[in-house]
Amino acid sequence: METELPILSQLPVTDIRKQFPILQRTLHGKPIVYFDNAATTQKPMSVIDAISNYYMYTNSNIHRGIHTLAEEATAAYEATRVAVQEFIHAAYAEEIIFTRGTTESINLVANTWGKQNIQAGDEIIISEMEHHSNIVPWQLLCEEKKAFLKVIPINDAGELLMDAYQQLLSNKTKLVAITYVSNSLGTINPISDIINLAHSVGALVLVDGAQATVHLNIDVQKLDCDFYAFSGHKIYGPTGVGVLYGKKALLTTMPVYMGGGEMIKEVSFKETTYADLPYKYEAGTPNIADTVALKAAIDFMNNIGIQQIHQHEQALLNYATEQLQQIPNLRIFGNAHNKTGVISFLVNGIHPQDMGVLLDNQSIAVRTGHHCTQPLMHRFGVPGTVRASFALYNTMDEVDQMVKAIQKSIKMLL
Amino acid sequence: MIESAAIAEREAAIVEAFALLDTWEEKYEYIIDLGKQLPPLEEKYKVADNIIKGCQSTVWLVASFSDGKVYFKADSDAVIVKGLVSLLIQVLSGLSPDEILQAQLGFLQEIGMMSHLAQTRSNGLRAMIQQMKHYALAFQSIQS
């Protein structure tokens with residue numbers, strides 16, 4: 001069997017796997033095959049060490065203290081900001097705002113820029129494949145402002161209908177909030193075209209980068225997006241830290257979000273003046289340890305190289321797609337020409353949850369359900385799917401194990 | 001609370017049946033069979049009012065009350081959940097409201113199916129047990 005496997009990438013996967021303690025864990029007597037990477041990736045030792053080292057040697061509150069620990073903690077925290085700036089190619093470090101994650105980043109824009117700029121009758125465009133996190137904040141805003149939410153439809157392959165998008169665009173469009181990569185289908189959207197078209201009618205663009213940042217080279221200046229949001233935990237970093245990138249000119253004029261410490265310049269009971277960027281949006285003591293460790297995750301990815309990672313994941317995707325297509329009555333949802341390592345599927349007559357339970361008993365971790373994209377599931381007329389999503393540490397052998405486990409589950413269920 | 005002898009007996013029978021099943025495959029095949037054998041609920045009962053909504057699978061539950069006993073019928077769109085539902089019906093259907101309210105359902109632990117009550121499963125099973133007890137409570141108050 002193994003000799004038939006094609007040679008796929010230059011990635012030293014065996015060495016990489018050794019850096020992930022959780023991949024050494026066994027379940028039901030077998031190593032865990034972790035294919036739920038679109039939900040969250042596992043963490044390399046360097047990230048885990050960065051968190052514990054921070055608490056063991058550096059812990060202190062940042063930006064205020066003048067003692068050595070405070071200085072070191074501040075330097076480490078700010079070093080991550082610069083690392084993120086370079087990672088997504090932002091022009092300025094102060095364009096990087098730390099949040100709890102993508103969801104908070106999107107809500108921040110909706111509650112600041114949105115409240116300031118959206119008026120009755122305005123339109124916000126999203127797509128049919130958005131995660132609930134990029135639907136609900138805009139729904140709330142539209143409700144409050146009596147604005148309208150417009151939705152770009154998709155085709156059966158799971159690709160945006162760009163003609164329909166162009167028809168939706170008008171001088172009423174104030175914002176296009178769209179995902180770069182679909183979490184349920186893996187579709188990579190033509191984000192540059194989407195942004196250029198939006199700008200041509202004077203609309204801003206927020207890119208939900210939650211699923212893209214771990215797979216693709218991100219250059220926010222080249223893309224020319226106005227906002228870009230992503231989460232640390234989906235790029236091998238810790239949970240509880242995320243990023244909002246915004247163009248400096250926008251962030252400067254936007255109103256503040258949360259009030260509190262860190263975000264002020266001067267406070268009196270009569271009036272408060274706010275701190276400069278980026279601190280104006282970072283009220284209160286932030287998640288210092290996890291933010292510091294996010295740099296370790298970015299270093300980890302940079303050391304391997306995003307091109308290498310992408311190549312490896314594409315090889316896994318192609319191989320897994322080929323193998324799964326050979327299983328009778330298995331239907332893959334999302335066959336976009338351009339997609340990341342995500343395969344959503346169903347087997348006729350089998351509820352996704354039943355498949356998930358039996359795969360779990362065979363040490364295969366996949367996601368089942370609607371993946372927080374209920375409108376998308378509606379579009380395909382299914383209650384949910386089984387989703388396997390790949391990361392740089394996954395192997396062809398693991399794909400084989402999954403395929404075998406799926407076949408066994410089908411036999412048990414039908 | 002002490003479980004009634006009837007419930008203890010029914011649970012013991014299930015635990016005994018599972019004791020004969022050695023592997024996880026055999027256990028799940030048994031549950032899947034139970035799921036397939038549970039008569040499907042008539043369409044007229046598959047209405048929104050009878051739905052116990054889990055995040056991923058749907059369970060329909062109806063209850064009736066006669067001669068001081070509560071009778072349950074249920075269905076699910078996922079066969080493993082349906083099999084577990086079938087076990088719950090085996091244990092709880094045809095008993096008095098008092099007996100149902102006192103049920104501890106420790107057998108789920110003993111047959112190694114507790115994970116299905118975990119919150120992440122979101123399969124409606126936990127909510128189904130609650131709903132069965134709510135019915136029992138409602139019928140108990142009618143009775144008194």
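**Exercise 1.** Determine what share of the residues of chain A count as buried.

*Solution.* Begin with the criterion: a residue is buried under 20% relative accessible area, exposed over 50%, and partly exposed in between (1.4 Å probe, protein chains only). In chain B, which has 144 residues, the share is 47%.

Some conventions apply throughout. The model is predicted, so local features need pLDDT of at least 70 and side-chain atom pairs count only at pLDDT 80 or more, while totals for chains, interfaces and linings use all residues. Residues are numbered from 1 along each chain as its sequence is written, chains are lettered from A and ligands numbered from 1 in the order in which they are written, and side-chain values use heavy atoms, with hydrogens and water left out.

**Exercise 2.** Describe the secondary structure of chain B and state how its radius of gyration compares with the globule rule.

*Solution.* First, count the elements, which are DSSP runs numbered from the N terminus: helices (H or I, at least four residues) and strands (E, at least two). Chain B has six helices and three strands. Next, read their order from the N terminus, which is α-α-β-β-β-α-α-α-α. Then take the radius of gyration of chain B, which is 15 Å and close to the 15 Å that the globule rule gives for 144 residues, so chain B is as compact as a globular protein of that length. The radius is taken over C-alpha atoms, and the rule is 2.2 Å times the number of residues to the power 0.38. Finally, the C-alpha atoms of chain B fill a box of roughly 45 × 35 × 25 Å along the principal axes.

**Exercise 3.** Carry out the corresponding description for chain A.

*Solution.* Chain A comes to 14 helices and 17 strands. Its radius of gyration is 22 Å, which agrees with the value near 22 Å for a compact globule of 414 residues. Along the principal axes, the C-alpha atoms of chain A fill a box of roughly 70 × 55 × 35 Å.

**Exercise 4.** Characterise the interface of chain A and chain B.

*Solution.* The size of an interface is often given as the accessible area lost when the parts come together. Start with the contacts (heavy atoms within 4.5 Å): 15 residues of chain A are in contact with 18 residues of chain B. The two chains bury about 1400 Å² between them, 55% of it on carbon and sulfur atoms; buried area is the accessible area (1.4 Å probe) that two parts lose on being put together, summed over both. H351(A), Q353(A) and M412(A) supply 38% of the area that chain A buries against chain B, more than any other three residues.

**Exercise 5.** Locate N361(A) and identify which residues it touches.

*Solution.* N361(A) lies in the loop between helix 12 (352–360) and strand 15 (364–365) of chain A. With 12% relative accessibility, N361(A) counts as buried. Leaving aside residues up to four places away in sequence, N361(A) touches H28(A), W24(B) and Y28(B).

**Exercise 6.** Identify the backbone features at P278(A), N329(A) and L105(B).

*Solution.* Recall that most residues other than glycine have a negative phi, and most peptide bonds are trans. The peptide bond from L277(A) to P278(A) is cis, with omega near -5°. N329(A), not a glycine, has a positive phi of about 65°. L105(B), also not a glycine, has a positive phi of about 60°. L105(B) lies in the loop between helix 4 (97–102) and helix 5 (107–110) of chain B and is buried, with a relative accessible area of 7%.
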